[in-house]
Amino acid sequence: MNREVVVTGAGALTPLGATLAETRAAFLAGRRGIGPCRAFDASPFASADAGEVPGFDPRDHFRATKALKVADRRSRLAVAAASMALASAGWHAETGDRLGVLVGTSTFDLQMAKLAAAVFPDAARATQEIPFFAERALSGVTPLWLLTVLPNMASSHVGMQLSASGPNSTIMSDAAAGLQAIGEAADWIRRGECDAALAGGADTIVTPAAFAAAAQDGRGVPPAEGAAMLMLEDAESAGRRGAPVAGRVRGYATATGACAESRAIGAALRESGWTARDIDGVCGPDVDRIDGFDPGARRLSIVAAMGDTVAAASPAALAIALGGGFGTRVLCVAPAGIGPAAALAIEMVTQLP
Amino acid sequence: MTQPRGDLHARVATIVGETLDRHPSGMHADSSLIDDLGAESIDFLDLVFRIESAFGIKVPEQDIWRGSIRTEPGGGLEEDVAALRTRTPGFRWDRFPGPIAKQDLPRLITIRTIVEYLAARGLPAEGPS
């Protein structure tokens, strides 16, 4: 089986807005979603700036709100983005047996504050005596702690809350994970494992540890958070239900090691049948520095406006590009950080509203 | 209707509401945690942890499942269920047209049975409130 995969919807929550439409409007207006951290007092760090998603209510998107107690911020963002992607695709199916979920994410929050509160009065002893630490942690931390912090919980919550009961998986490979999720989910559909999939990235690194790391790495990129999910569908299935086609997935590749980014770009282009000169739009967290494309190609880089949204960055850039105005043969590029690079070639068809 | 052990009832109702994300107005003393309030197995883990933390006690896992009921057919199960029936006018006993079996016991857990269990343990004792 080798089916054509199309994009029929998208949803996003970013520091620029709690919906894709708000994000896109703010981005086009040149606004920045960076400000003093609201989640906690970050003033002791070199910079207290963060990119935080403005107010959203996860209750609007969770079918069973009881699950919120085991849904961390990242999972809430993922469910909200996926829920909006389904709505944008006009998906109303009762059963989602053929609807998969693939979420890329870079890290997970151990909620150290809760662990620390459990062992705090004897923190020095707890760091030296494992049995003591275990006794304190086990008796003082809710047994649901692990269920909240497991890295695959974002994709699990999306599946449970949105009745997407097809294949469900998580990719954790740093910044490229979100774009890899889209590329791999497209392969699920191509191979016939499912007919549709919610795929993208969700991350939050608005944590004290990330502020410490940001102060050390010297790049000056504020820690941020966000989620962006696309609705991918088999072209025939989408056509049968009259779904709007925003774009066609033409090629995808990922690579690690030396020249990972250029090798991923080359392989994605080969699969698409395009050359670098055919590309008229390049999007991603930071694509202004990538050369080899037509000088007239549009560039859409989001990191300056949003901060470091990690695995959500490439899908968010792609979601903005799907709104139109950034080319018709578009390449989305996730640069290699400590993980792999990825590239996805997409042919824009109809602008997403 | 006034609740016996009103303070204990109020504390348990608050804990159950927080555990299951339910507003107090949507619960009453004889709501089945499973059938009426949507509790699943992981919620009982959470509930036991919250009760232990709130009252400063340890609750053995089997206790929360059986409450005050002896679990063996012919060994007190029928008598204890019959007694429970007289104490729980608001419980949906119509969901159990036949005899109550051992595996049905979790569905009998209500705010009232938890309050009774805690009272049998000697609560309300002083503890963090």
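Reader: Which are the buried residues of helix 7 of chain A?
Author: Keep in mind that this is a predicted model. Helix 7 of chain A covers residues 153–161, and eight of its nine residues are buried, so it is largely enclosed by the rest of the structure. The buried ones are Met153(A), Ala154(A), Ser155(A), Ser156(A), His157(A), Val158(A), Gly159(A) and Gln161(A).

Reader: OK, what covers the buried residues of helix 7 of chain A?
Author: The cover includes both helices and strands of chain A. Among the helices are helix 2 (73–88) and helix 6 (145–149). On the strand side, you'll find strand 4 (99–104), strand 5 (168–171) and strand 6.

Reader: Which residue with a positive phi follows helix 7 of chain A?
Author: Past the end of helix 7 of chain A, the backbone takes a phi near 55°. The residue with that positive value is Ser163(A).

Reader: Where do the buried residues of helix 9 of chain A sit around its axis?
Author: Helix 9 of chain A spans residues 208–217, and its buried residues are Ala210(A), Phe211(A) and Ala214(A). An α-helix has 3.6 residues a turn, so residues three or four places apart point the same way. Here the three cover an arc of only 105° around the axis, which puts them on the same side of helix 9 of chain A.

Reader: At what angle do the axes of helix 8 and helix 13 of chain A cross?
Author: Helix 8 (residues 177–191) and helix 13 (residues 313–321) of chain A have axes that come within 6 Å. Gly178(A), Leu179(A) and Ile182(A) make the contact from helix 8 of chain A, with Ala313(A), Ser314(A) and Pro315(A) from helix 13 of chain A. By class, that contact has four nonpolar, two polar and no charged residues. The crossing angle is roughly 65°.

Reader: How far apart are the C-alpha centres of the two domains of chain A, domain 1 and domain 2?
Author: Chain A splits into domain 1 (5–111 + 145–240) and domain 2 (248–348). Their contact takes 48 residues from domain 1 of chain A and 33 residues from domain 2 of chain A. As for the C-alpha centres, they lie 19 Å apart.

Reader: Which elements give two or more residues to the side of domain 1 of chain A that touches domain 2 of chain A?
Author: That side divides into 28 nonpolar, 14 polar and six charged residues. The elements giving two or more are strand 1 (5–13), helix 1 (20–28), helix 8, strand 6 (196–204) and strand 7 (225–234) of chain A.

Reader: What radius of gyration does chain A have?
Author: The C-alpha atoms of chain A fill a box of roughly 60 × 45 × 35 Å along the principal axes. Buried residues make up 54% of its 353 residues. For that chain length, a compact globule would have a radius of gyration near 20 Å, and chain A agrees, with 20 Å.

Reader: How many helices does chain B have?
Author: Chain B has zero strands, and its elements run α-α-α-α-α from the N terminus on. Of its 129 residues, 26% count as buried. The helix count is five.

Reader: How many residues does chain B bring to the contact with chain A?
Author: Chain A puts in eight residues. By class, those are four nonpolar, two polar and two charged. From chain B, the contact takes seven residues.

Definitions and conventions
Residues numbered from 1 in each chain as written. Chains lettered and ligands numbered in written order. Predicted model: local features only at pLDDT ≥ 70, side-chain atom pairs only at ≥ 80, totals over all residues. Axes fitted to C-alpha atoms, helices over the stretch in contact; angles between N-to-C directions. Helix = DSSP H or I, 4+ residues; strand = E, 2+ residues; numbered from the N terminus. Contact = placed C-beta atoms within 7 Å. Nonpolar A, V, L, I, M, F, W, Y, C, P; charged D, E, K, R; others polar. Rg over C-alpha atoms; globule rule 2.2 N^0.38 Å. Buried ≥ 20, exposed ≤ 12 C-beta atoms within 10 Å, placed from the backbone. Arc of directions from axis to C-beta. Domains from an automatic or database assignment.
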